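The sequence and structure are shown first.

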Amino acid sequence: MASTTSNNGFAFFNGISLLILADNGVPFGAQDAVLEYVPTIDCSGIDGVILEFEQRYRAFNRDDVFVEVSGDGGANWTAIQINLDAEQNGPTIHEVETVNISAVAGNSANVKIRFRWTSDDDQQFGAGYGWMIDDINVFEAWHYETANINPFYRWGVGGQVFPTGLDYH
């Protein structure tokens with residue numbers, strides 16, 4: 001793990017490789033592992049809440065990873081799947097992940113956060129590479145934060161070739 005503070009420790013989900021048998025000789029089943037940040041986080045009076053963490057992730061055939069957030073101290077959880085753009089059996093993702101958790105954590109005094117790794121029981125193709133997490137930060141979002149979802153540009157308006165401009169997205 002090449003995170004900023006990896007020397008002081010980090011979390012690591014290590015998938016179970018193809019056809020490894022349990023002590024009783026039966027193949028391992030589906031994997032479902034959870035890492036939970038234990039203390040609650042007080043986000044009272046804060047509308048916008050952002051979760052940010054460093055990660056290394058390599059997708060296999062059937063792995064799914066989630067950030068799960070609770071606004072009521074862990075009684076109910078909302079799952080946010082991440083790394084959906086990871087190429088199966090592709091290169092390792094090495095990035096800072098940013099997740100807007102405002103819908104659950106905003107104005108809550110009892111926020112809890114956990115990370116979940118799941119993988120099917122696939123004895124033909126195996127299950128798992130790994131997911132490493134470090135340097136978790138929770139902070140207030142900007143009140144004017146926006147996202148440009150469908151940008152539209154027009155070039156050359158009034159020109160001789162394209163009198164109305166050339167559109168592109």
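Two strands are taken to pair if DSSP finds at least two bridges between them. The model discussed here is predicted.

## Overall architecture

The protein contains 1 helix and 10 strands. Read from the N terminus, the order of elements is β-β-β-β-β-β-α-β-β-β-β.

Among contacts with a separation of 6 or more, 76% link residues 24 or more positions apart. Of the 169 residues, 34% count as buried. The accessible surface of the protein is about 10300 Å², and carbon and sulfur atoms contribute 51% of that area.

## Strand β7

Strand β7 spans residues 111–119 and is mostly covered, with 9 of its 9 residues buried. Val111, Ile113, Phe115, Trp117 and Ser119 point one way from β7. Lys112, Arg114, Arg116 and Thr118 point the other way.

## Pairing partners of β7

Which strands pair with β7, and in what sense? One is β2, residues 31–41, which pairs with β7 in the antiparallel sense over 8 bridges. Within this pairing, Asp32 stands opposite Thr118 of β7.

Strand β4, residues 63–70, is also joined to β7 by 8 bridges, and these two strands run antiparallel. Here Asp63 has Ser119 in β7 as its bridge partner.

Methods
Residues are numbered from 1 along each chain as its sequence is written. This is a predicted model: local features need pLDDT of at least 70, side-chain atom pairs count only at pLDDT 80 or more; totals for chains, interfaces and linings use all residues. Side-chain values use heavy atoms; hydrogens and water are left out. Helices (H or I, at least four residues) and strands (E, at least two) are DSSP runs, numbered from the N terminus. Buried means under 20% relative accessible area, exposed over 50%, partly exposed in between (1.4 Å probe, protein chains only). Contact means heavy atoms within 4.5 Å. Accessible areas come from the Shrake-Rupley method with a 1.4 Å probe; for residues, only the protein chains shown count as cover.
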